[in-house]
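Dear colleague,

I am passing on the structure we talked about, so that you can look at it alongside my notes. Please open it first and keep it in view while you read.

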Amino acid sequence: MTARLGVILLVHTAFDRAEQVARHWARAGCPVVIHVDRAVPRARHDAFARALSDEARIVFSRRFRCEWGTWSLVAATQAAAETLLSRFPDVGHVYLASGACLPIRPVEELIDYLAARPETDFIESATTAEVPWTVGGLHEERFTLAFPFAWKRQRRLFDAYVELQRRIGRRREMPDGLVPHMGSQWWCLTRETLAAILRDPNRAAHDRFFRRVWIPDESYFQTLARRHARRIESRSLTVSKFDYQGRPHIFYDDHLTLLRRSRCFVARKIWPGADRLYDAFLTEAAGRAGRAEPDPARIDRLFAKGAERRTRARPGLWMQSSFPAEGRETSVTAAPYTLLHGFAELFEGVEAWLTASTGARVHGHLFAPERAEFADGATVIEGALTDSAALRDANPKAFLTSLIWNTRGRHQCFQFGPRDDQSLNWTIAQDPNARIAAVTGAWAVPLFRSGRPAAEVRAEAAHLQAVEADHLKVLRSPWTAARIRVWSMAEVVATPAQALRSVLSDMGAPEAAELEMPRLVDLEGFGAFLQELKNQGMHPYLTGDFPTGPASQRAAPRPPRKPYVVREP
Amino acid sequence: METARELWLAYRLRWKRRRLLARAVRKRRQLRAVADRTGAIQPGDILAFVAVRNEALQLPHFLDHHRGLGVDHFLVVDNDSDDGTRAWLADQADVSLWRTGHSYKRARFGVDWLTWLQIRHGHGHWCLTLDADEILIYPHHETRPLPALTERLDREGRESFGAMMLDMYPQGPPGAQPYAAGDDPFETLAWFDAGNHFIEVQPRLRNLWVRGGVRARVFFADRPRRAPTLNKIPLVRWNRRYVYNTSTHQILPRRLNAVYDAEGGESLSGVLLHTKFLNTIVARSREEKTRREHFEVADSYQAYYDALMADPDLWCPASTRYTGWRQLEALGLMSRGGWV
């Protein structure tokens with residue numbers, strides 16, 4: 001006869017579920033020893049025990065009052081283990097589970113799995129230096145300090161006593177030369193190892209020491225198994241995940257497929273209301289997964305993703321339950337975008353040209369005073385974002401972040417200039433997703449082309465230049481994070497291809513050997529216009545130097561009359 | 001200096017809360033029990049508090065949905081309905097019903113009445129405070145009923161849960177869409193605005209102020225400061241000392257308003273699907289315009305009601321068709337947080 005699998009079940013709540021699970025283990029031939037928390041009222045305990053009295057393989061062990069993080073859980077486990085070993089001498093492996101643990105693979109398969117590994121102890125057991133889980137920021141100190149106070153009930157005393165011990169440099173010595181190990185409290189040990197731990201001649205010393213260790217149920221058996229086991233597989237056969245605050249994750253009905261595919265033997269914690277999980281797994285016939293190895297990787301990934309989402313919001317998302325304080329955001333915007341300053345004024349049809357050569361969505365002046373000039377004259381775009389200037393100006397940052405969030409997947413580009421709302425200048429300049437290409441002084445072009453006399457546009461020109469100068473101060477500050485390029489208008493007029501090429505490469509367009517460039521607007525007489533502004537007492541310095549004098553005599557960079565082709569050098 | 005101001009504000013808010021509670025206690029006299037089944041409430045039950053007026057059309061689906069989510073008992077105040085709402089509610093085994101003929105507006109839009117019921121019956125329970133045109137959904141709501149959600153919140157140490165309103169609308173004029181009591185309203189109210197909300201922090205009460213959506217787009221494009229507030233905190237582990245400040249947008253004490261993560265992560269949140277734009281909207285707007293019982297600055301809403309009465313098509317080509325909570329989660333309108 002092969003050795004049997006025995007089960008210890010720690011129960012403190014959800015008794016109907018615990019009863020179902022206990023019967024399930026017993027039905028597969030496993031003796032079950034149940035420990036019911038002493039805190040459970042006597043009547044409740046008795047009713048539970050009575051309900052299971054028809055099953056000879058289920059017995060109850062001496063009760064302890066259990067409190068999280070304390071020795072009581074180890075004491076309860078020891079007592080239950082002693083009962084199990086003495087009452088059922090044919091038990092080979094002992095599985096420690098709780099009332100919220102659910103076998104998610106037929107128990108027969110677990111029995112076969114263990115029968116094929118009769119000398120192996122399955123217990124997660126790592127030295128303190130290697131474990132990442134540290135609730136309350138305690139690591140090695142779990143062992144070197146003493147913890148007589150309950151973390152959940154007596155937090156102040158707990159913290160104060162820890163602090164005191166740190167001050168006086170307390171260091172408790174491990175008894176008996178033990179090396180502290182930690183791991184999941186849900187293990188499956190061989191009878192030999194478990195018996196050796198319980199009958200260790202130094203057990204009194206061990207117990208005395210661990211009584212003051214913090215969370216000893218994660219370290220008592222994990223440490224002592226290292227002394228007595230013949231062969232340790234340092235992993236738990238129970239999938240049990242913890243969130244970023246150290247609380248166990250809970251499985252619900254919607255995890256059914258995930259749990260099935262994991263081929264793990266036992267999962268915890270199961271939500272007591274998860275009818276579908278209990279129905280499915282407690283009636284499953286053997287033979288589906290056969291001898292397959294458990295593979296919790298998918299479960300690990302899912303919960304890792306959850307932990308990530310909880311602590312790191314999706315970049316560029318501002319929503320009702322995630323609104324980072326300044327400087328705490330993952331990213332202001334969701335994706336890279338381009339702000340073109342002055343290009344639309346200087347190049348004819350630059351928007352259509354950019355759309356064709358980059359595939360990006362190229363808007364007009366999104367922050368124009370009249371309306372948000374969406375691409376193709378749209379009045380409403382993705383996410384039902386409208387072109388209403390009033391709605392946009394009620395919260396310009398929300399407008400920008402919504403636009404980029406709604407259209408993620410396609411690069412957005414928009415025109416900008418000193419006529420537009422300037423309130424986002426800092427936000428955009430500090431956004432690593434922003435690519436800013438600015439031609440300074442281009443605001444003068446529409447004024448020049450309007451045909452209005454310099455005397456009339458002088459005030460407006462001065463205003464636009466002042467606004468642009470303020471923006472340039474931002475762009476040139478050391479605190480920016482955007483990719484920023486600034487040229488004066490004179491530079492761009494001299495070598496227009498260079499500026500356009502930089503814009504293309506910033507927008508991620510493929511390098512093209514030959515490219516048809518958009519045409520510069522007709523600047524015939526622009527130098528004279530600037531001179532006229534100067535004559536009116538204004539000083540248009542942001543345009544750069546344009547030769548002055550009567551238009552007919554100047555040697556200004558004369559824009560070609562037809563599109564030209566630039567070749568790589 | 002800053003701390004002194006904060007302390008002074010905290011002090012004033014404490015008195016404001018006490019004032020509001022005292023007011024609710026006074027207003028209890030305006031309520032007459034029609035069907036009081038509160039004796040059936042068990043410890044740990046999840047309760048819903050609702051003030052209604054002529055909601056016979058919406059209530060059957062409203063009750064079914066929230067029953068299905070795991071609400072154990074509904075505590076309803078009927079403000080003078082004349083469409084059979086009262087008789088229908090009184091027949092529901094899990095409803096306790098009170099009636100009042102007093103002014104809804106002067107009862108702080110019904111909040112005073114509900115506050116009194118919450119003082120009496122809500123203490124220690126997770127309480128859901130809703131309007132009859134609000135349908136709560138949250139991540140995994142089909143497989144994880146409210147007790148699973150509230151247990152999760154308890155474990156996170158949270159006492160309150162945020163769910164912003166999402167205005168749902170049909171394609172075509174709302175007045176032309178058929179709807180019969182008990183139907184799934186989202187057969188016709190299948191559309192929403194997915195990405196035009198704007199949010200700011202209101203430092204006084206530490207809540208987020210969310211506005212936008214279809215009503216801002218269609219009715220308030222020229223005066224966004226008046227656009228309706230969409231943030232709500234409908235689910236709270238109640239204490240008899242708590243009180244809603246304005247509708248369920250804000251609550252006191254103000255720590256309960258911190259339903260969002262300010263550290264760069266995402267907290268668990270839900271959405272209240274707003275079924276205001278059923279075909280009754282036109283007649284209702286007409287009535288509300290004359291009753292002037294609805295908003296604090298009723299006059300500035302006249303234009304809004306006029307626009308509603310014209311029964312405009314709210315749909316636009318950029319509207320999004322509703323497919324379920326996963327979609328709203330992916331769009332960033334609500335979040336699973338770490339609840340996977």
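This is a predicted model: local features need pLDDT of at least 70, side-chain atom pairs count only at pLDDT 80 or more; totals for chains, interfaces and linings use all residues.

Residues are numbered from 1 along each chain as its sequence is written, chains are lettered from A and ligands numbered from 1 in the order in which they are written, and side-chain values use heavy atoms, with hydrogens and water left out.

Aromatic pairs

Over all chains, a search of the whole structure finds 44 aromatic pairs (rings of Phe, Tyr and Trp, the last by its six-membered ring, whose centres lie within 6.5 Å; planes under 30 degrees apart count as stacked, over 60 as edge-to-face and the rest as tilted). One of these is the tilted pair of Y113(A) and F265(A), with 4.9 Å from centre to centre and 55° between the planes. Y113(A) belongs to helix α4 (residues 107-115) of chain A, whereas F265(A) is in the loop between α10 (256-262) and β12 (266-268) of chain A, so the pair ties together parts that are 152 residues apart in sequence (helices, H or I with at least four residues, and strands, E with at least two, are DSSP runs numbered from the N terminus). Y113(A) is buried, at a relative accessible area of 4%, and F265(A) is buried too, at 1% (buried means under 20% relative accessible area, exposed over 50%, and partly exposed in between, with a 1.4 Å probe and protein chains only).

Y337(A) and F414(A) form a stacked pair, 6.4 Å centre to centre with 15° between the planes. This pair links distant parts of the chain, with Y337(A) in strand β13 (residues 337-341) and F414(A) in strand β18 (residues 412-416) of chain A, 77 residues apart. Y337(A) counts as buried at 0% relative accessibility, and F414(A) is buried with a relative accessible area of 0%.

One aromatic cluster is formed by W71(A), F143(A), W187(A), F209(A), F210(A), Y220(A) and F221(A). Two arginines also sit over rings (CZ of Arg, or NZ of Lys, within 6 Å of the ring centre and within 35 degrees of the ring normal): the charged end of R117(A) is 3.7 Å from the centre of the Y113(A) ring, and R408(A) lies over the face of W405(A) at 3.6 Å from the ring centre.

Where the chains meet

In chain B, 58 residues are in contact with 47 residues of chain A (contact means heavy atoms within 4.5 Å). The area buried between chain B and chain A is about 4100 Å², and carbon and sulfur atoms give 52% of that area (the accessible area, with a 1.4 Å probe, that two parts lose on being put together, summed over both). Of the area that chain B buries against chain A, R155(B), E266(B) and V340(B) supply 18%, more than any other three residues.

Six salt bridges are counted between chain B and chain A (a side-chain nitrogen of Lys or Arg within 4 Å of a carboxyl oxygen of Asp or Glu). E266(B) and R309(A) meet in a salt bridge through their side chains, at 4.0 Å from N to O. On the side of chain B that touches chain A, α5(B) gives the most, with six residues.

Salt bridges in the whole structure

Over all chains, the search finds 59 salt bridges. In one of them R171(A) and E140(A) have their closest N and O atoms 3.2 Å apart; R171(A) is exposed, with a relative accessible area of 54%, and E140(A) is partly exposed, at 39%.

The side chains of E293(A) and R235(A) also meet in a salt bridge, at 3.6 Å from N to O. E293(A) lies in the loop between α11 (275-282) and α12 (297-311), and R235(A) in the loop between β10 (231-233) and β11 (238-240) of chain A, so the pair ties together parts that are 58 residues apart in sequence. E293(A) counts as partly exposed at 36% relative accessibility, as does R235(A) with a relative accessible area of 25%. Salt bridges that share partners join R117(A), R231(A), E233(A), R235(A) and E293(A) into one network.

With best wishes
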